[in-house]
Amino acid sequence: MNVKSVYRIKITAKTPLLVGGRTRQVRHHGISSHEQDKWIIPASSIKGALSEHLKNNVDQLGQDLVKKLCGEEGDGRTNEGSMRLSDLEAVNGVDVKSGHVIRTRIAVSNLSGSIVSGALAIFKCAKPGVQFEGLLLLGDKLNDDEERAFIGFLKEQREFYIGKNQTVGMGKVEIELTELKEEKRELHRKLDPGMYVVVFEPLSPFTSTEVGFETLEKKYFVSSKTYIPATAMKKVLNVKRVTHFYPSNAEEISLPTPSTYLRPKHNDSHLYDCIFELVRSRLEKKAFLMSKDGERLVEARGYKPLYRDQFVKVTEVVNFHIKLNEYSKNVAESFWVQKSYKPAYWVGLVYHDEPFTLPKYVIVGGARSKGYGLMRLKECSKYVHHWRDSVEEFSNFMQKILNKPTSTYVPFLFTTHYYCVDPEKDFGGRVVESFASIDYFRVYDPSDGISGKNKVKIMETVAPGSVVIVEYEKSLEEVLKILEEMKKNGIGDHTELGFGDFEVYPVSK
């Protein structure tokens, strides 16, 4: 969806709100959605409530406009609708501890008229008066008249309901809209040719199906990748080359890479750089001491910014989804738990060899029609590598071991998947050693197969975070030029999918 207009949306609770769907407690259903002790209304919930509000007033708006805004049932990929909302966060200083109401519910048997055994439920709700703010985005498929009709309707019909227990007086809200005209003038950023570090701020969680294919009817806990695949970002950014986008902390935004460090098993606060010891032990055929300070070392999982000691922690967001019967409003057979991610920022690299533009708002990943995957461009800057010192330091180390003072050695750290056919040809040098693991990458190929299931390809690749040591019988200056060209084009096959991106292992700080 290409964004045409941006509105700030404010929701005020008139009665207690029980907007379920998101919590870090997987087994806990009796609390309204929240993040980091703040009440929220998930993007999927507010979009669903607004869509229901529009459908209930289809006579006033017209069926065509309602379909244009909300999309069509069962047609989520090709017609996702022209209305998107971010997560809405409580803004008037009310948190989960201070701004809640406890409601107790019971169930009564229709046959006996007595309380059903075990049917006592206690709900923790956002109290009346809590205000939520977020963004409403409209796509360019709406013309000006349709946009005015829609916004005018919301300003007239300001009250509607959201969440559970609406029949017992809960979930009534009031909506206010303010057009952000300055946003409309800055919906794209023009850039010169080159490679850029691009930072996006997530406005709702990102979800992407892991390797394999299972329908929601058969899979009740759906896991997601902790990164945004290059294939997804390339489609929405429309540039020559894109890398995977990895999560970054808010304190210090920088380019993250998959961790190849080892950490003590009982102490997460320290990370030890073992690449020198690993290479020496392999080449000298000696056992590598896998312990330090009396603690056994295990593989670190997660992401670490280049040339930083900071470690990026990634916390999943848990969303509960149900499918309602459109006529009875009862829960249908489908119920599933979606584990997704919403870090402080997503950071990746973008390259194009002609002038290009980046959209300020993008929608990427799965479940887009439910409000997932909405992101806003935070910043972008020219990519500058810091390879020289690392290559020089590592080469000095390797020259002493192999007694080859004229060769240059590069420790390639793969930041995306690498599809290897002929490594000597791929690198243009001699592969001395590798510390690699295998990963599987899921690709949707519409040209292959006749059903949605058969269109999914599973590719076996070298995993991001793998390190490959390559020897070049060239000078440092010549090698740096080779690396710069490889960085633009990628290494190996399927670079059009974002494969083959790398950094030089950061052995120098």
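# Reading cores, salt bridges and a surface patch

Q: Leaving aside neighbours within four places in sequence, which residues is isoleucine 11 in contact with?
A: Contact means heavy atoms within 4.5 Å. Beyond those neighbours, isoleucine 11 is in contact with Ile41, Ile46, Leu88, Val130, Gln131, Phe132, Phe160, Val173, Glu174 and Ile175. The model is predicted, so local features need pLDDT of at least 70 and side-chain atom pairs pLDDT 80 or more, while totals for chains, interfaces and linings use all residues. Residues are numbered from 1 along each chain as its sequence is written, and side-chain values use heavy atoms, without hydrogens or water.

Q: How many residues does the largest nonpolar core have?
A: In soluble globular proteins, nonpolar side chains tend to be buried together. A nonpolar core is a set of buried Ala, Val, Leu, Ile, Met, Phe, Trp, Tyr and Cys residues joined through side-chain atoms within 4.5 Å. Here the largest one has 39 residues, and Ile11, Met83 and Phe132 have the most contacts inside it. A second, separate core has 30 residues, including Met195, Tyr307, Tyr345 and Leu480.

Q: How many salt bridges does a search of the whole structure find?
A: A salt bridge is a side-chain nitrogen of Lys or Arg within 4 Å of a carboxyl oxygen of Asp or Glu. The search finds 21 of them. One of these joins lysine 342 to glutamate 35, at 3.5 Å from N to O. The two residues are 307 residues apart: lysine 342 is in the loop between β22 (331-341) and β23 (345-352), and glutamate 35 is in strand β2 (residues 34-35). Strands are DSSP runs (E, at least two residues), numbered from the N terminus.

Q: Is glutamate 35 buried or exposed?
A: Buried means under 20% relative accessible area, exposed over 50%, and partly exposed in between (1.4 Å probe, protein chains only). Glutamate 35 is buried, at 19%, whereas lysine 342 is partly exposed, at 23%. Not counting residues up to four places away in sequence, glutamate 35 touches Arg22, Ile40, Asp87, Val317 and Lys342.

Q: Which residue forms a salt bridge with aspartate 87?
A: Lysine 342 does, with the closest N and O atoms 2.8 Å apart. Aspartate 87 lies in the loop between β4 (83-85) and β5, 255 residues from lysine 342 in the loop between β22 and β23. Aspartate 87 is buried, with a relative accessible area of 8%. Elsewhere, salt bridges that share partners join Lys4, Asp144 and Glu147 into one network.

Q: What distance, N to O, goes with the salt bridge of glutamate 89 and lysine 38?
A: The side chains of glutamate 89 and lysine 38 meet at 3.1 Å. Glutamate 89 is in strand β5 (residues 88-90) and lysine 38 in strand β3 (residues 38-41), so the pair ties together parts 51 residues apart in sequence. Both count as partly exposed, glutamate 89 at 35% and lysine 38 at 36% relative accessibility.

Q: Which residues form a nonpolar patch on the surface?
A: Patch residues have over 30% relative accessible area and no salt bridge; like charges are joined within 9 Å, and nonpolar side chains (Val, Leu, Ile, Met, Phe, Trp, Tyr) within 5 Å. The patch consists of Ile438, Tyr440 and Ile458, which together have about 290 Å² of accessible area (Shrake-Rupley method, 1.4 Å probe, only the protein chains shown counting as cover). Isoleucine 458 is in strand β30 (residues 456-462) and is partly exposed, at 42% relative accessible area.

Conventions:
Helix = DSSP H or I, 4+ residues; strand = E, 2+ residues; numbered from the N terminus.
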